[in-house]
Amino acid sequence: MKTVVHLGKALSDETRLRILKLLEDGELCVCHLMRVLNMGQSRISRHMGVLKQAGLVADRRVGKWVFYRLEAAGARAESQTVLQHLPT
């Protein structure tokens, strides 16, 4: 049940949906998300934490940069239907 709650929370925010759509094209650095979404690092990190907790994204650190990508396993399959119906 907790997984469903985390997934619902993650998909209920417009910014997080935009982030997921951006990540469909491949891995992105937080700095790129900041520029595209015109948001500060702390706001992006908070959104990424929610997406990560829901199992929708995975991250990797390279030096001081964090790169995010869509998670191949976990809740991504459930979110795919939602993402397909969002405008590009």
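Analyst: Happy to. A residue counts as buried when its relative accessible area is under 20%, and as exposed when it is over 50%. Please keep in mind that this is a predicted model.

Let's start with Thr 15, which sits in helix H2. Its relative accessibility is 12%, so Thr 15 falls on the buried side of that cut-off. Apart from neighbours within four places in sequence, Thr 15 is in contact with Leu 37, Met 39 and His 47.

The buried residues of H3 are Val 30, Leu 33 and Leu 37. They lie on the same side of H3, because the arc they cover around the axis is only 60°. Several elements take part in covering these buried residues, including H2, strand E1 (28–29), H4 and E3. Just after H3 comes Asn 38, with a positive phi of about 55°.

The largest nonpolar core has 21 residues, and Met 48, Leu 51, Leu 56 and Val 57 are the ones that touch the most other members. Two or more residues of this core come from each of helix H1 (2–11), helix H2 (14–23), helix H3 (30–37), helix H4 (41–53) and E3.

For contrast, here is a residue on the outside. Ala 72 belongs to the loop between strand E3 (65–70) and helix H5 (76–84). With a relative accessibility of 74%, Ala 72 is exposed. Between the C-alpha atoms of Ala 72 and Val 57 there are 8.3 Å, while along the chain these residues are 15 apart.

Finally, the setting for all this. The protein chain contains 5 helices and 3 strands, arranged from the N terminus as α-α-β-α-α-β-β-α. It has 88 residues, of which 35% count as buried. If you take the contacts between residues at least 6 apart in sequence, 52% of them join residues at least 24 apart. The chain exposes about 5,500 Å², with carbon and sulfur atoms supplying 53% of that area.

Terms used
Residues numbered from 1 in each chain as written. Predicted model: local features only at pLDDT ≥ 70, side-chain atom pairs only at ≥ 80, totals over all residues. Heavy atoms only, no water. Helix = DSSP H or I, 4+ residues; strand = E, 2+ residues; numbered from the N terminus. Buried < 20%, exposed > 50% of the residue type's maximum accessible area, 1.4 Å probe, protein only. Core = buried A, V, L, I, M, F, W, Y, C linked by side-chain atoms within 4.5 Å. Contact = heavy atoms within 4.5 Å. Areas by Shrake-Rupley, 256 points an atom, 1.4 Å probe, with all protein chains shown as cover. Arc of directions from axis to C-beta.
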